[in-house]
Amino acid sequence: MHRRGEYVLVFAATVLLQAFLFDNLNLSPYLYPLIYVGFLLLLPTGMNHALLILCGFVTGVTVDFLSGTAGLHTIASTATAFIRPATINLTIGKDTANENVMPLPINVGRGKWLKYAALAVSIHCIIFFCFEAATTAFLWYTLLRAAGSALATFLLVWFAAVIYPVRGSH
Amino acid sequence: MYRLVQFFKKYSSVLLFIILEAGAIGYYASSTSYTRATLLASSNKVTAGIHGIFSSIGDYFTLGRENRMLMERLAETETLLSALSTARDTATIPVAEPAYYYSTATVISNSIARQDNFFVINKGTRDGVEENMAILSADGSVAGYVRKCSDKFAVCMSALNRDFRIGGQLKGSEYFGSVYWDGTDAREMTMVDIPTYADVSVGDTLLSAYSSRFPPDTFIGTVSSVKESEDGTYYILRIRLGARMNALGNVLLVKYTDYEELETLAGEYFADYDTRNPQK
């Protein structure tokens, strides 16, 4: 895999930001950004599916360990990684899905990237907050939490993707 | 055999996903607040130093307010001590050992955005911290209790955790009920079991009662709304929390000296007994 060191840095940055900053921000129960999903979004488009799932699993386990959430992040991130090829096919297109590019707005087009990130982040947040609630007693509240947190996550990932330093070739 | 190999080759990623996801769901479903606190206590051995740095930065913003609160509480305590001293001078009153011991700690990590929130304090077993000690905010309001300790740190179950329970009694009233967080609003808890013939109004003060961990009459919060249950037999009260859970800095630790004996003998009869998540 190309850019291995770069991805290790992205992984470390997103996981540490999640554990030390966003887990302690305490803005509101409706705004709980899950920034580490950005790492899964930025993995190369043509990546081996099994390896992608393993990356999702490892990311989730790491965040769970640091946050004391006992599997919750792992459930969401493994599922997000599993459906990522379908998400890319649906939003960016099959041609790009078979190439080995880092899915940044500059590489795949801003419009397509926004759809891709919005869809992946929404799915991730819905899975996370539904499993966390584990009840239908406050379903609207759970969906509202998922929506607010998905929006916050999406904006942060978008910001990160825009300022991400792009090298000459990919 | 060839077809079987081809099948596994074709669906290897799906099988991998099912195995990993099932493992994660199984682990999450079987976890309790105790296992989550244990996990957090383990990770804190690695992360506590960094949390401490962030926490010390945050302290600068809350220090003034907390200092004022602590000074007010100190003044109240001095007044009580003075009264006690006068009473001892004028009469021979045997003074019993205190039932509750107080100490202080600083919160180094805290969350309010989840459904099962915990916070971490910078004191552990080497400082005399034990599981089930009550935690009060700087102004003396209910904030949580210690769930798991390591040598230097303790993981505390926040009042904003769906497994948290405490008995509450309206000030000046004989009625009491169970207080818990329903996971919706980080500023409010819910109280049930107050009969509809009781006199309750918005603004009433709620204090701890019949708790095996918290001292009696500890401030929980004030009634913010009153509505009847569906069958009309009891009130569902929304309680505006006294502790500012999103700004916990310095906290008070309270050790009830007879906790072990009481918990062993009659723990299950208390409103704050952990039925869903026994200690181990």
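## Strand 12 of chain B

B:Thr106 stands opposite B:Asn250, a residue of strand 12 in chain B. The model described here is predicted. Strand 12 of chain B pairs antiparallel with strand 1 (residues 100-110) of chain B, and seven bridges join the two.

Strand 12 of chain B also has an antiparallel pairing with strand 3 (residues 134-137) of chain B, over four bridges. In that pairing B:Leu136 faces B:Leu252 of strand 12. Strand 12 of chain B covers residues 250-256, and five of its seven residues are buried, so the strand is largely enclosed by the rest of the structure.

## The barrel of chain B

Chain B also holds a barrel, closed by six strands in the order 6-7-8-11-10-9 with antiparallel pairing. From one strand to the next, the twist averages 40 degrees.

One of the pairings in chain B joins strand 6 (residues 165-170) to strand 7 (residues 176-180), antiparallel and over five bridges. Here B:Gln169 is set opposite B:Phe176 of strand 7.

## Chain A

Chain A has eight helices and zero strands. Its radius of gyration is 15 Å, close to the 15 Å that the globule rule gives for 170 residues, so chain A is as compact as a globular protein of that length. Along the principal axes, the C-alpha atoms of chain A fill a box of roughly 50 × 30 × 30 Å.

Of the 170 residues in chain A, 47% count as buried. Among contacts in chain A with a separation of 6 or more, 68% are between residues 24 or more positions apart.

Methods:
Residues are numbered from 1 along each chain as its sequence is written. Chains are lettered from A and ligands numbered from 1 in the order in which they are written. This is a predicted model: local features need pLDDT of at least 70, side-chain atom pairs count only at pLDDT 80 or more; totals for chains, interfaces and linings use all residues. Two strands pair if DSSP finds at least two bridges between them. Axes are lines fitted to C-alpha atoms, for helices over the stretch in contact, and angles run from 0 to 180 degrees between N-to-C directions. A residue is buried if 20 or more other C-beta atoms lie within 10 Å of its own, exposed if 12 or fewer, and partly exposed in between; C-beta atoms are placed from the backbone. The radius of gyration is taken over C-alpha atoms; the globule rule is 2.2 Å times the number of residues to the power 0.38. Two residues are in contact if their C-beta atoms, placed from the backbone, lie within 7 Å.
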